Amino acid sequence: MRTTARPGPLAMVIFGATGDLTRRKLMPALYRLFCERLLPRGFAVIGFAREQMSDGEFRERMREAVEEFATAPAAEPWSRFAEKLCYVGSVFEDPVGFQLLRERLERLDHEKGTAGNRLYYLAVPPAVVGTVVPQLAAAGLVHTPEEPAWSRVIVEKPFGRDLASARELNALLHNAFEESQIYRIDHYLGKETVQNLLVFRFANVIWEPVWNRNYIDNVQITVAEAVGVEQRAGYYERAGALRDMVQSHLLQLLALTAMEPPGAYDADSIRGEKVKVLQSLAPIPAAKVATETVRGQYTPGWVAGRPVPGYREEPDVAADSQTETFVALRTCIDNWRWAGVPFYLRTGKRMPTKASEILIQFRSAPHPILDSVEGDRPAPNLLVVHVQPDEGISLFFEAKVPGLAGALHPVSMDFRYHSAFERQAPEAYERLLLDAMLGDATLFARRDEVEAAWGFVTPILDGWSTVVGGVEPYPAGSWGPPAADALIGADGRRWQNPNP
């Protein structure tokens, strides 16, 4: 935790600069940081991609991207920002392109005062990472941590397809970079409410005494998307919801919810506690995936009042696809704090609404509080962390309805960022890019963290490959297949669905 600071001089190189991620997220985030005066005076961006174009053409494309995905840039600040953008066109396999990149970077050191510091963003498919990283090393573009100037690399998810491939990718990165130079990004960790989990839990004394198995009945983590596969079928057919969402986003939310207080509020201490949680997850062996997990696939239905096609009717999706668009699973954490507390995770596409929530359900009161409410059992207290889209925290508790009957009804105390602070929370990529420039790795995954997450997910993938029956259908606009309700219902519990 720290106050906002401005980083020192640097040049940022975006590999895959003509791709969707750069247009939708990276360039709008960089422009907002520039307008907020959080970028250093000595700053430059080099776009690197296969397509050939001039600096001017690249700047115009980036202006269009900012206008489409952020806001129409004003002429004066945009002209100053655009001066910091340039472009190198080359296939990633060509060493000559990386020599051109080196020459351009050295020129920027003199022209823009970037001081030899390099931030490489790999906005490319995982298969291309194995080409780019060795080329960077061979071209002499990676500084060691002992040198005055620094080099860092940001790697996008998916970070591997299973535990073996994640280890291979880590080994490849470590051939060129040390662990302190590698920033594995998960944009969920840049969301304001996710960051606030640490403050909420450890800066407020009232929560720690009840944050354990003695008071908490279960934890539910839901990441629901109203959209379908959109234009990502080529990627999604190879990934599926378990790889795309559970291995990264949901397990990160679980780790932050369940971690112990860190010994210090620095990157390694916080990430070390998260790793302990992931390593303590009870494994789901292949023999138990049928009872501990559910995988579903959306069929035609209605979302937000309009008809939508099923997954198999989406462009570029196989007619007999067994790719899951929904996952629900039950697990627990084998440690002193959480022993016996079930954690229910679910994520899916074509849900009724877009919502990401962490729900803490406390144990029920042991008996009615008054004779007047006999037979009216108090509902359990709920604490809900709204990650998106309406960031905030809600606490639900029981109150007496006015009148003679003495009936009980749950009421809530609500905190919302937009109303409490009357300002827009920064986009996740703004925070994460700024942290990488500053060398703060708190919100990025460490090597052992990634491998621990894959260590939990890979046996599920292995089990699914041997399970007969495939994915279970669910209508678009529903909360998933009936088996998901049966999974939690077998424990005498039910899903607490986010409000549309």
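Trainee: In which loop is Asp-316 found?
Mentor: This is a predicted model, in which local features need pLDDT of at least 70 and side-chain atom pairs count only at pLDDT 80 or more, while totals for chains, interfaces and linings use all residues. Residues are numbered from 1 along each chain as its sequence is written, and side-chain values use heavy atoms, with hydrogens and water left out. Helices (H or I, at least four residues) and strands (E, at least two) are DSSP runs, numbered from the N terminus. Asp-316 is found in the loop between E10 and strand E11 (326-331).

Trainee: Does Asp-316 count as buried or exposed?
Mentor: Buried stands for under 20% relative accessible area and exposed for over 50%, with partly exposed in between, using a 1.4 Å probe and protein chains only. Because the relative accessibility of Asp-316 is 70%, this residue counts as exposed.

Trainee: What is the phi of Ala-304?
Mentor: Ala-304 lies in the loop between strand E9 (301-303) and strand E10 (306-308), and at 75% relative accessibility Ala-304 counts as exposed. Asp-316 has a positive phi, near 70°, in a residue other than glycine. Ala-304 is likewise a residue other than glycine with a positive value of phi, which is near 55°.

Trainee: What is the omega of the peptide bond from Gln-388 to Pro-389?
Mentor: The place to look is the loop between strand E14 (382-388) and strand E15 (392-400), where Pro-389 lies. The peptide bond that leads from Gln-388 to Pro-389 is cis, and its omega is near 5°.

Trainee: Which residues of helix H6 are buried?
Mentor: Helix H6 takes in residues 163-174, twelve residues, and from its first C-alpha to its last it reaches 16 Å, close to the 16 Å expected at 1.5 Å a residue, where the expected span is 1.5 Å times one less than the number of residues. At the start of H6, the backbone nitrogen of Ala-164 has a side-chain oxygen of Asp-162 within 3.4 Å. The buried residues of H6 are Leu-163, Ala-166, Leu-169, Asn-170 and Leu-173.

Trainee: How far apart in sequence are the parts that the pair of Phe-48 and Phe-98 ties together?
Mentor: The ring centres of Phe-48 and Phe-98 are 5.1 Å apart and the planes are at 40°, so this pair is tilted. Phe-48 lies in strand E2 (residues 43-49) and Phe-98 in helix H4 (residues 95-111), so the parts tied together by the pair have a sequence separation of 50 residues.

Trainee: At what angle are the ring planes of Phe-200 and Trp-207?
Mentor: Phe-200 and Trp-207 are both buried. Their ring centres are 4.9 Å apart, and the pair is tilted because the planes are at 35°.

Trainee: Which backbone oxygen does the side chain of Thr-257 reach?
Mentor: Thr-257 is found in helix H8 (residues 233-258) and is buried, with a relative accessible area of 0%. At a distance of 2.8 Å, its side chain reaches the backbone oxygen of Leu-253.

Trainee: Over which ring does the charged end of Arg-213 sit?
Mentor: A charge sits over a ring if NZ of Lys or CZ of Arg is within 6 Å of the ring centre and within 35 degrees of the ring normal. The charged end of Arg-152 sits over the ring of Trp-150, 3.7 Å from its centre. The charged end of Arg-213, at 5.2 Å from the ring centre, sits over the ring of Trp-336.

Terms used
Polar contact = N/O pair within 3.5 Å; in protein donor to acceptor, adjacent residues only side chain to side chain. Phe/Tyr/Trp six-rings, centres within 6.5 Å; stacked < 30°, edge-to-face > 60°.
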